[in-house]
Amino acid sequence: MKGKKTKGYRWLFVVLVLLVAMAGGLTLLGRANQQLQAHQARLDTARQQLAELKQENAQDAGEAQAAQRKLEETERQNDALQSELDALRRQVADYADRYGALTDQSISTEAG
Amino acid sequence: MKKLIVLLAGLLALVLVGLPVMQHVETQGQQILAQIDAVNAEMAQIQDGRLQQLASTGALDEQLSAAAAKTEDLQAQLEQTQAELARYETLLYMHTADGAPLGEDFTQYRNLLSAQGKELYDFLRVTVLQNRFEADVARFGMTLDEVAEAFFGLLCDDPSLFWVDGHVVGYSYAGGKIETVELRASAGLDTISREIVTFNGAASGVLARAQALGSDLEKVQFIHDYLAATVSYVYGDDVYTAYSAIVNRQAVCEGYAKAFSYFMNRLGIPSTYCTGTAGGENHGWSLVRLDGQFYNLDVTWDDPLGLREGDWRYDYFLRSDAEMAATHTRDETSQKLPACTSTRYDDTDWDVLHGASGADLLRLAA
């Protein structure tokens, strides 16, 4: 009777050891899983930040392109204005010459 | 022994099951960390790029500001140059259209001046045509009356100078001789430019109609009729010039007579402005030369106040001095102008020669 009882205790011990080992393993697994989820959350956050950054970057690039286009357009406009100004100045110089010649002629005619 | 084997087997089974799971979790964790590193690296790269882009955007903004400033500067220069061009266009117009030197037939007042007076007259004419209104006249050595006489004569001879105020507004002198005179334009050059264009436009249609007529007599009559039909006698501030009569169609005697002289000058028929009194009041009318003879012509009195617009009469049309003497008396200066001795047209019934209806002339003026 005593031998059966001892056997029973030994089996119980074996089962307990196995249970403790299983619990330890599961605990380790749970912790690892938690860590994995934390990494996943960091990854998600980083990805979101990256997406936002990319969006801002695209917006900046768009603005820069618009500014570049505006600059080019302004420069073209300035070139056109400069050409117009040059033409007008040539015309003014021409008129000034003609007017100078006329007044000289007039003065000489009227003085004579 | 059996129990130990079961225990070891159970532990081994646990290890065999647990290890791959743990390894899988570990691998996944490392992959996630690697991905995080990759994302961070990409973010860092993008940040660097953005910094560079921001720097270049800053430079671009500066370039844009500079370009915009240049645009403003160019536009200002353009406006300035356009104004300068308009000024020259006006000056050229003044000089070439109406500013051409007038011959002796068209400068009756100049003809009355001394040689020195004529030089001053010519100098003042060129001065105002150049849109200058301060003149150094010291070299002519003339008194204020002599300067005023030359200036008055200039404006009587050339009604196209309607933008020149008729007064000497200031002067300096030394030893009784005038050194500088200050004249005045009726408006700024921009306004004058517009007025000249308007004046020219209003006169051109009338001149074209008159030029198409066969004889000088018909031209004189046409212009007389046109002014009498279209101009109203009105007192006011701006009623003394050819412009007021031709453009505004409102004038007093001086405006009527100067408009008549302007048209005559442009048609090549000598005519001049004559001053004196009529009906006991100061008055101005015209002298016009036809076939070598001067005649009196008073458009104002041929357009009396009681008459309807578009009507006129010929009571003071091509009259001799003798005929005019009953109502008109020349003043001292005008007495020096050519005498109107011919009585050729004194008894002419001008209505017979009436060429254009009042309605026709009013349409032309409109």
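## Helix packing

A crossing of two helices is left-handed if the near helix is turned anticlockwise from the far one by less than a right angle, and right-handed if clockwise. The structure is a predicted model, in which local features need pLDDT of at least 70, side-chain atom pairs count only at pLDDT 80 or more, and totals for chains, interfaces and linings use all residues. Residues are numbered from 1 along each chain as its sequence is written, while chains are lettered from A and ligands numbered from 1 in the order in which they are written.

Helices (H or I, at least four residues) and strands (E, at least two) are DSSP runs, numbered from the N terminus. In chain B, helix H5 (residues 189–211) packs against helix H8 (residues 253–267) at an angle of about 55°, and their axes are 11 Å apart. H5(B) is therefore oblique to H8(B); angles under 35 degrees count as roughly parallel, over 145 as roughly antiparallel, 65 to 115 as roughly perpendicular and the rest as oblique. Axes are lines fitted to C-alpha atoms, for helices over the stretch in contact, and angles run from 0 to 180 degrees between N-to-C directions. The crossing of H5(B) with H8(B) is right-handed. On H5(B), the contact is made by B:Val206, B:Leu207, B:Ala210 and B:Gln211, and on H8(B) by B:Phe263, B:Arg266 and B:Leu267; residues are in contact if their C-beta atoms, placed from the backbone, lie within 7 Å. By class, this contact comprises five nonpolar residues, one polar and one charged. Here Ala, Val, Leu, Ile, Met, Phe, Trp, Tyr, Cys and Pro count as nonpolar, Asp, Glu, Lys and Arg as charged, and the others, Gly among them, as polar.

## Contact between the chains

Chain B contributes 54 residues to the contact with chain A, and chain A contributes 55 residues. On the chain B side, helix H1 (2–98) and helix H3 (115–129) each supply at least two residues. H1(B) gives the most, with 49 residues. The chain B side divides into 25 nonpolar, 19 polar and ten charged residues.

## Strands and hairpins

Five bridges join S2(B) to strand S3 (residues 177–182) of chain B in the antiparallel sense, and B:Ala174 stands opposite B:Lys177 in S3(B).

Strand S7 (residues 281–290) of chain B is largely enclosed by the rest of the structure, because eight of its ten residues are buried. A residue is buried if 20 or more other C-beta atoms lie within 10 Å of its own, exposed if 12 or fewer, and partly exposed in between, with C-beta atoms placed from the backbone. S7(B) pairs in the antiparallel sense with strand S6 (residues 271–278) of chain B over eight bridges, and with strand S8 (residues 293–297) of chain B over five bridges. The hairpin of S6(B) and S7(B) has two residues between the strands, and B:Gly279 takes a positive phi near 60° there. The hairpin of S7(B) and S8(B) also has two residues between the strands, with a positive phi of about 50° at B:Asp291 in the turn.

Most residues other than glycine have a negative phi. B:Arg249, not a glycine, has a positive phi of about 60°. B:Arg249 lies in the loop between helix H7 (242–248) and strand S5 (250–251) of chain B, and counts as buried with 20 C-beta neighbours inside 10 Å. B:Leu318 has a positive phi of about 55° and is found in strand S9 (residues 317–319) of chain B. B:Leu318 is buried, with 24 other C-beta atoms within 10 Å.

Technical notes. Two residues are in contact if their C-beta atoms, placed from the backbone, lie within 7 Å. Two strands pair if DSSP finds at least two bridges between them.
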